[in-house]
Amino acid sequence: MKPTYYIYDSHQQQKVPLEPIQPDLVKIYICGPTVYDYSHLGHARSAIAFDLLKRTLELSGYGVQIVKNFTDIDDKIIHKARQEQTNIKTLSEYFIASYLEDMQALGVQRAHLEPRASQHLESMALMIQTLLDKGCAYKTSNGDIYLDTTRDSHYGALSAHSLDQESLSRIEDNPHKRHEKDFALWKAYKGDSDVGYESAVGKGRPGWHIECSAMIFANLAYSQQPYQIDIHGGGSDLFFPHHENEASQTRCAFDQELAKYWMHNGFVNISGQKMSKSLGNSFYIKDALKVYDGEILRNYLLGTHYRAILHFNEEDLLVHKKRLDKLYRLKKRALELAQPSLNNAHSPFANALLECMQDDLNISKALSVLEEHLRLLNESLDNALKTIKKQKAQEILQDLAFVETLLGLGGKDPTLYFQLGVDGALKTYIETQIQLRLQAKQAKNFALADRIREELATQGILLMDQVGGTTWEKLW
């Protein structure tokens with residue numbers, strides 16, 4: 001019997017037990033990026049949050065199917081392609097590759113499917129035609145097609161929006177549409193300066209909202225069920241109008257609710273402002289990775305609960321790194337005594353850590369459990385008799401392997417971890433200096449040996465003399 005798994009449902013605005021449509025399978029759709037620029041820390045935050053969800057569900061005994069889309073048809077992409085004097089496909093494929101590279105560096109596991117909007121134009125046209133046939137959509141005098149929100153009596157219920165003036169300002173304005181809340185399903189081709197694709201509903205391009213609904217229906221949806229999928233996820237800025245509109249058009253087209261549960265991650269703030277390109281404070285992942293290893297970034301970004309706002313601060317990042325240092329320090333000690341075993345049984349610690357994450361990804365509690373366990377494991381090694389140190393070390397490595405599987409932390413070789421941030425040229429220089437220092441010590445020139453150590457220390461390199469020779473680490 002599976003333990004009770006709790007998630008926060010944005011629609012119900014409360015934490016609820018997860019009860020999948022099929023008992024042993026959880027179907028999840030995550031809104032992916034619109035690929036017209038490099039990925040920023042907001043993308044990283046969302047990707048890591050749902051990566052933790054996937055890992056936790058799988059370790060809890062569920063099968064998980066995740067679909068994450070790429071929006072590769074969009075006005076922003078068209079505008080950027082014209083600026084760059086390239087075509088839309090070339091631009092979008094470049095930024096898709098960049099996004100996937102960033103996610104790999106952050107330890108985010110790939111989705112099972114990664115559909116592109118451009119590959120689902122037929123599915124979108126069929127859905128739009130269904131809405132037209134049912135009288136839930138209409139064509140304007142300029143050829144655009146809109147959803148008639150008055151045909152959906154539940155419109156606005158998902159996000160509980162009052163649809164005040166601020167909310168309405170986020171809905172595209174068009175004098176041709178019938179009602180203020182109506183939104184575009186298809187934008188008709190307007191001439192040579194426009195971009196259009198041939199389809200069953202005419203030449204043009206899809207509106208943003210129809211893309212996700214059509215891709216869910218084509219790749220993931222249950223039929224003959226009240227809900228098409230179990231969980232729909234994304235950033236909290238997508239709740240309205242994007243997710244509200246997705247839910248509405250799916251109800252109207254298929255007489256189903258789109259998702260049983262809705263999950264949304266919080267924003268990333270820099271200098272107290274919501275991360276936004278319009279504010280000019282976007283922090284690209286690729287730039288952060290030039291300074292910090294992806295695992296160090298991951299460790300920091302997962303340290304704040306996924307629904308809370310994360311106030312990005314590099315000083316906090318380095319404070320959080322100390323926790324990762326403790327993990328790798330313990331792993332290094334254990335590996336000096338034993339090799340990892342193949343035992344897959346969960347220890348009491350692993351069960352306690354998983355239980356924290358089964359409570360709506362309670363990362364604060366999980367990290368507290370981890371911190372205390374690292375302390376106790378170090379003590380157990382300190383106090384263990386020599387005859388059982390190897391067994392203790394194996395148990396430690398088993399627990400750390402579970403941490404890696406659940407949180408995506410601790411998978412590196414400890415020696416390499418403590419040398420992160422040092423390029424090849426500096427590594428060669430350090431090794432050369434270590435050899436010169438060894439020669440100086442053999443010649444009993446201890447003053448030179450000390451000077452070499454001190455000069456390396458000024459560059460943030462700490463030398464450690466051990467029985468097997470001298471090793472080094474980078475100080476942060």
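These legends walk through several close-up views of a predicted model.

Some ground rules come before the views. Residues are numbered from 1 along each chain as its sequence is written, and side-chain values use heavy atoms, with hydrogens and water left out. Because this is a predicted model, local features need pLDDT of at least 70 and side-chain atom pairs count only at pLDDT 80 or more, while totals for chains, interfaces and linings use all residues.

**View 1. The whole protein, before we zoom in.**
The protein has 16 helices and 15 strands. Helices (H or I, at least four residues) and strands (E, at least two) are DSSP runs, numbered from the N terminus. Taken along the principal axes, the C-alpha atoms fill a box of roughly 90 × 55 × 35 Å. Of the 476 residues, 51% count as buried; buried means under 20% relative accessible area, exposed means over 50%, and partly exposed is in between (1.4 Å probe, protein chains only). Look at contacts (heavy atoms within 4.5 Å): among those between residues at least 6 apart in sequence, 74% join residues at least 24 apart.

**View 2. Helix H1 meets helix H13.**
Two packed helices are described by the angle between their axes and the distance between the axes. Here H1 (residues 41–59) and H13 (residues 389–407) pack at about 125°, with their axes 7 Å apart. That makes H1 oblique to H13. Axes are lines fitted to C-alpha atoms, for helices over the stretch in contact, and angles run from 0 to 180 degrees between N-to-C directions. Under 35 degrees counts as roughly parallel, over 145 as roughly antiparallel, 65 to 115 as roughly perpendicular and the rest as oblique. On the H1 side you'll find Leu52, Arg55, Thr56 and Leu59; they meet Phe402, Glu404, Thr405, Leu406 and Leu407 in H13. Sorted by class, the residues of this contact are five nonpolar, two polar and two charged. (Ala, Val, Leu, Ile, Met, Phe, Trp, Tyr, Cys and Pro count as nonpolar, Asp, Glu, Lys and Arg as charged, and the others, Gly among them, as polar.)

**View 3. Inside the largest nonpolar core.**
A nonpolar core is a set of buried Ala, Val, Leu, Ile, Met, Phe, Trp, Tyr and Cys residues joined through side-chain atoms within 4.5 Å. The largest one has 86 residues, and Ile28, Leu53, Leu57, Ile231, Phe312, Leu370 and Leu407 touch the most other members. H1 supplies the largest share of this core, nine residues. Apart from it lies another core, of 38 residues, among them Val67, Leu121, Trp186 and Phe239. What does leucine 407 contact, leaving aside its neighbours within four places in sequence? Leu52, Arg298, Leu302, Met357, Ile363, Leu367 and Leu370.

A pair of aromatic rings is described by the distance of the centres and the angle of the planes. Rings of Phe, Tyr and Trp (its six-membered ring) pair if their centres lie within 6.5 Å; planes under 30 degrees apart count as stacked, over 60 as edge-to-face and the rest as tilted. By this rule the count comes to 13 aromatic pairs. Tyrosine 292 lies in the loop between H8 (285–288) and H9 (294–301) and tryptophan 476 in the segment after strand S15 (469–474), so the pair ties together parts that are 184 residues apart in sequence. Buried or exposed? Tyrosine 292 is buried at 7% relative accessibility, and tryptophan 476 is partly exposed at 41%. Tyrosine 328 and tyrosine 417 are stacked too, at 4.0 Å and 10°. This pair links H10 (residues 314–335) with H14 (residues 414–417), 89 residues apart. Tyrosine 328 is buried at 0%, and tyrosine 417 is buried at 2%.

Isoleucine 88 is found in helix H3 (residues 88–105) and is buried, at 17% relative accessibility. Beyond its neighbours within four places in sequence, isoleucine 88 contacts Asp72, Ile77, Ile78, Ala81, Val195 and Tyr197. Helix H2 (residues 75–84) and H3 pack at about 105°, axes 9 Å apart, which makes H2 roughly perpendicular to H3. Ile77, Ile78, Lys80, Ala81 and Glu84 in H2 meet Ile88, Leu91 and Phe95 in H3.
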